[in-house]
Amino acid sequence: MPAVFPPWDRVYAFFRRWRDRGLVREFHDRVRGQVREKAGHDALPTAGVIDSQSVKADAVVGAGTRGFDGGKLVNGRKRHVVVDTLGLLLGVMVTAADVGDRAAAHILLEQVAAAHHRLALVWADGGYTGSLIEHGLAAFALVLAIVKRSDNMKGFVVLPKRWIIERLFAHLMRSRRLARDFERRIASAEAMIYWSMAALMTRRLARPHRGPG
């Protein structure tokens, strides 16, 4: 930590208190509303994007909360994330890396729908097909729109809407604390993501608004 900070145990005591009382997420959500309004949007989102990111776990992460993602060949944890159309975080759930996207989405979409009552449309990739589409519409009144990659596409291709959430993942991987999962507790891993995004949005608010484009 920077030398100007108090001893690490005092800093962690504050973080633990904010995490357990939900203050990290509350602060994040308030800043997100300000960023949306500054960009000319309503504070409450109506559409979002869902995806997941598997990251390696540090040795401190116990076997009970880590797993192996056979598709990405990653031993660690998986971040299941929903963002709005500006790429701002609406909800995150951290699991072992072997937890399937659809299984996690059943829980995450319920949490996001409860917190964001105007949310009506969520874009996703082909990994979220199946019964999840019907479940989201029936249980949460959410339309899950699948954006698939064409079989004719070769190499890297920017897909509509899905690039939005990839930008958030790129930001997380640029953070030394989040480049891999160092947290013993899943609650701390989720809080660190909210904290990182809150810091990013705070810097965005401090910049002069240049208008569209």
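Predicted model: local features only at pLDDT ≥ 70, side-chain atom pairs only at ≥ 80, totals over all residues.

Colleague: What makes Tyr-12 and Phe-15 an aromatic pair that is tilted?

Modeller: Rings of Phe, Tyr and Trp (its six-membered ring) pair if their centres lie within 6.5 Å; planes under 30 degrees apart are stacked, over 60 edge-to-face, and the rest tilted. Tyr-12 and Phe-15 are 6.0 Å apart centre to centre, with 45° between the planes, so they are a pair and tilted by that rule. Both lie in helix α1 (residues 8-20), 3 residues apart, about one turn of the helix; a helix here is a DSSP run of H or I with at least four residues, a strand a run of E with at least two, numbered from the N terminus.

Colleague: Why is Phe-15 called buried, and what is Tyr-12 called?

Modeller: Buried means under 20% relative accessible area, exposed over 50%, and partly exposed in between (1.4 Å probe, protein chains only). Phe-15 has 10%, so it is buried. Tyr-12 has 31%, so it is partly exposed.

Colleague: How do you know that Phe-14 and Trp-18 are tilted?

Modeller: Their centres are 5.9 Å apart, with 50° between the planes. Both lie in helix α1, 4 residues apart. Phe-14, at 41% relative accessibility, is partly exposed, and Trp-18, at 33%, is partly exposed too. Ring pairs link Phe-14, Trp-18, Phe-27 and Trp-195 into a cluster.

Colleague: Why is Asp-101 called buried?

Modeller: Asp-101 has a relative accessible area of 17%, so it counts as buried. This residue lies in helix α3 (residues 101-115). With contact meaning heavy atoms within 4.5 Å, Asp-101 touches Ser-52, Lys-78, His-80, Gly-127 and Tyr-128, not counting residues up to four places away in sequence.

Colleague: What makes a set of residues a nonpolar core?

Modeller: The members are buried Ala, Val, Leu, Ile, Met, Phe, Trp, Tyr and Cys residues joined through side-chain atoms within 4.5 Å. The largest nonpolar core has 23 residues, and Val-81 and Leu-168 are among those that touch the most other members. Helix α6 (186-206) is one of the elements giving two or more residues to this core, and α6 gives the most, with 6 residues.

Note on methods: Residues numbered from 1 in each chain as written. Heavy atoms only, no water.
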